[in-house]
Amino acid sequence: MSYQTEHDHSMKDPAGFWRKQAEALDWFKFPEQILSLDDDGLGYWFADGEMNTAYMALDHHVKTGRGNQLALIYDSPVTDTKSRYTYAELTDVVARTAGMLANLGVVKGDRVIIYMPMIPEAVIAMLAVARLGAIHSVVFGGFASPELAIRIDDAKPKVILTASCGIEVKRVVEYKPLVDRAIDLAVHKPQSCVVYQRPQVTAPLVEKRDHDWAELLAKAKPVGCTPVKGSDPLYILYTSGTTGKPKGVLRENGGHAVALKYSMKAIYNVEPGDMYWASSDVGWVVGHSYIVYGPLLHGCTTIVYEGKPIMTPDAGALWRVCAEYGVKALFTAPTAFRAVKKEDPQALLMKNYDLSKLKVIYSAGERLDPPTEAWLTEHSGKPVVDHWWQTETGWAITANMQGIEPMTIKPGSSTVPVPGFNVQILDDSGQHVPQGTQGYIALKLPLPPACLNHVWGDENKFRESYLIFLPGYYTSGDGGYIDEDGYVFVMGRVDDVINVAGHRLSTGEIEEVIATHPSVAECAVIARDDELKGQVPMGFVVLKTGTTLSEAELQQQLVNRIRDTIGAITCYKDTVILTRLAKTRSGKTLRKTLAHIVNGKQYTVPSTIDDPAVIPEIIEVLRSKKFVSN
Ligand code: COA
Ligand code: AMP
C-alpha cells in the first residue's frame, strides 16, 4: 500500500476508510453511524457505537491472551525505583481504583482532576476514570495553584486525585499545599481529594474531604467497565490559547480510540507486543496519546519515565532506557535532544548502549530544527521523524508514515498530511497561496477521528477560536508552506501562543500576571528565541509614574509572581523597562515587530504605527542591555 493510495482513500471515502480502522477495536456494539456532518461541515465520529476505552486498552488484551505480557514499565531515576505491570496486573489495579472512585460517588459523566507526577498511579487513575465512563482532566504537575484553580472552576470535578509530591532534579515539589491553595482559590469545591502518599513526603490530610489513596484502595472492590457512546467524552485537556483563560479541549471516546490504534502501526510502525516509549508527561497531550492510550490500545508495552533527558544522571538517560527495555520507537521533544546534544556533543554516552532494537526516533511538540535533526541522525544512525500535531487534534496531522511507506526525510519538514487530514495553506481572505508561499495552515473540514469538536462548556469559544476565521476550515494557529513535493513545513505560531521546551503557553496569560504588579502601567510579552528551549518569554514593561523600583528588583518580583501564578515551566527571566511601547494608532501593541527586533530578524514597521520614532528608542534600550548586538 502506498502513502498516496491510503491518503486518497481517506479523502474520497472517509466513512469507509475509518469504518475499516474501527474494526480493529473490541466494541460492545459496533457503530452504525460512522460519520455525521453538521451545518458547519464538522464531522462527528462513531456516535452510536458502544464501548469503553479502558476496556479496549486493558481487558480486551487479557481476554485475548496478552494478560502476562508487560503493559507498563515504571522507571524513575529520581527515586531510584523501577516496577512493572503485566496487562493482567494493570487491569486488576485499574478495576480496583475505579472501585475506589465509585465508592466516592463517581459515575459516568462526572469529572475527575488528576494532578500527579510521573508515577504509574497517574496512568492508573486516568484508566480508572475512563473505566467508569467518567471524564478525566489531567493537569500538568508543573502548573501553580491559580492555574489548577482555573481548571477546577471550569471542569467542576467531583474528585481530585493527587500525590504527596513530585520530584524534580534539584528539589521535591510538595503537591498537597498547591492543591489545598487551588481548592481555596476556586469557587467550585470538589467533594473529595485522594492523596497518593509517596515515601519522600507525607502530606497532611484535611478531615472529611481528603483520603489516603492506599487506605481507600485496600477497601475497594474491582468494578467492570461502564459502556459509553462513541461520542461521549473521555477527557478534557486544557491548553493555552491567545487569551488568558486556557481552553478545555474535549476528546470523545470513539474517534480517539480508532485514530490512536490506527496511528500506532501507520505512523510509528509498531506491532502489539513491541516496546514503545514517549518520553513526555501525562499532563500533556503527547502523554495522553502516547504514554497511555495509543500503546495500550495497540497491545504494546509503555514506559512511564520519571526523570529528565539530562541530569538523571547524565545525557545518556534516553539511550539507557531504550537499551534497557529494548525500545523500538522513541518519541520526545526537540528540546530534549538539544539538551542531550549540548551536554554530550559527540554523543559519547550514546555509544555505551546497545540501541539495535531502536528503529526510529520521533520528534514533536515544536519544530525539529535541522541542526539537531542532523546531529541526531548522524550519531544514532536511525531515521529521525519530525511530526506535527496539537492538543486539539490528539495525534499527528503531518508525519512520515513509517508503517505505510517511509518517505525521504527533508530537514525542517514534518513530511506529508496523515490520512484523514486535508492540509491547505491559505491567506487571510481564505484563498489558497501559491506553492512554496507561507500562509496560515488550515485543515479542511471534516477533521478525522480524535480531533476536537467542542471546547468544554463553551461552544462559542470553539467556533470563535477555530472555525470563524477561515470558513469551512479548522484554523491551526500555525503558519507554514507546502513545497513542490507536497511536504509541509510548519514554521511557527501565527498567534500569541509560544512554545517553551515543547510546552505551550500564552503570552496573553503571562501579560495578565505582569499587569497585576502594582508598579506596572502596561506590558507586552514576546517570545525570544532560545538555543535550548526553542523560545522563552520576555517582558517589556512601562512603569507607573513615580515608581522607584529598579529593573533588577522588578525582574525578580515578576519572576516570582509568574512562577507562583502560572508555574516554573514558564521559564520567565528577562524584563526590559521602556518609557513607552510600540503601538499602532488604534492602540494595538506591535508584539511581532518587537519579537523580530529581539530575535535579529528582518522587521517591517507597519504604516499604522503611532510614532515611528519609538522603534529606534527601543532598539537603543535593547542594545544597552545586550539583547541586540547592533
Ligand atoms: N512539577 C513541578 N515543577 C516542574 C515540573 C513538574 N512536573 N516540570 C518542570 N518543572 C519546573 C522545573 O523544576 C524547573 O524549575 P526551576 O526553574 O526551579 O529549575 C522549571 O519548571 C523548568 O523546567 P524544565 O523546562 O523541565 O527545565 P529544566 O532546566 O529542569 O530541564 C530540559 C531542561 C531540556 C531537560 C527539559 O526542559 C526537558 O526535558 N524538556 C523536554 C520537554 C518535553 O519532554 N516535552 C514534552 C512535550 S512532547
Ligand atoms: P501542543 O498543543 O501543546 O501539543 O502544542 C501544539 C503546537 O506546538 C503546534 O500548534 C505547533 O505550534 C507546535 N508544534 C508541535 N509539533 C510541531 C512540529 N513537529 N513542528 C512544528 N511545530 C510543532
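Residues are numbered from 1 along each chain as its sequence is written, and chains are lettered from A and ligands numbered from 1 in the order in which they are written. Because the model is predicted, local features need pLDDT of at least 70 and side-chain atom pairs count only at pLDDT 80 or more, while totals for chains, interfaces and linings use all residues; side-chain values use heavy atoms, with hydrogens and water left out.

A nitrogen atom of ligand 1 lies 3.3 Å from a backbone N or O atom of Gly141, and a nitrogen atom of ligand 1 lies 3.5 Å from a backbone N or O atom of Gly142. A polar backbone atom of Ile569 is 3.4 Å from an oxygen atom of ligand 1. Of the 940 Å² of accessible area that ligand 1 has on its own, the protein covers 82% (Shrake-Rupley method, 1.4 Å probe).

Around ligand 2 there are 15 residues, with Asp386, Thr391, Asp478, Arg493 and Arg504 coming nearest. Four of the shell residues are nonpolar, five polar and six charged. The side chain of Asp386 places an N or O atom 2.7 Å from a nitrogen atom of ligand 2. For His387, a backbone N or O atom lies 2.8 Å from a nitrogen atom of the ligand, and an N or O atom in the side chain of Asn499 is 3.3 Å from an oxygen atom of ligand 2. The protein covers 94% of the 490 Å² of accessible area that ligand 2 has on its own. Two or more residues of the shell come from each of β21 (388-389) and β27 (488-493), where strands are DSSP runs (E) of at least two residues and helices runs (H or I) of at least four, numbered from the N terminus.

Grid points are joined across faces, edges and corners, and a volume is the space filled by probe spheres set on the points. Four cavities of 30 Å³ or more are found in the whole structure. The largest cavity has a volume of about 80 Å³, and its lining includes Trp45, Glu252, His256 and Cys451. Seven nonpolar, four polar and one charged residue make up this lining. The second largest pocket holds about 420 Å³ of space. Its lining comprises 22 residues, with Thr242, Ser465, Thr475, Gly477 and Asp495 nearest the centre; α14 (459-467) and β26 (473-482) each supply at least two of the lining residues.

The count of salt bridges (a side-chain nitrogen of Lys or Arg within 4 Å of a carboxyl oxygen of Asp or Glu) comes to 36. One of them joins Glu50 and Lys229, whose closest N and O atoms are 3.4 Å apart. Because Glu50 lies in strand β3 (residues 50-51) and Lys229 in strand β13 (residues 228-229), the pair ties together parts that are 179 residues apart in sequence.

Notes. Near = heavy atom within 4 Å. Polar contact = N/O pair within 3.5 Å; in protein donor to acceptor, adjacent residues only side chain to side chain. Nonpolar A, V, L, I, M, F, W, Y, C, P; charged D, E, K, R; others polar. 1 Å grid on protein atoms, 1.4 Å probe; cavity = no way out; pocket = protein on both sides within 12 Å on 5 of 7 lines; lining within 4 Å.
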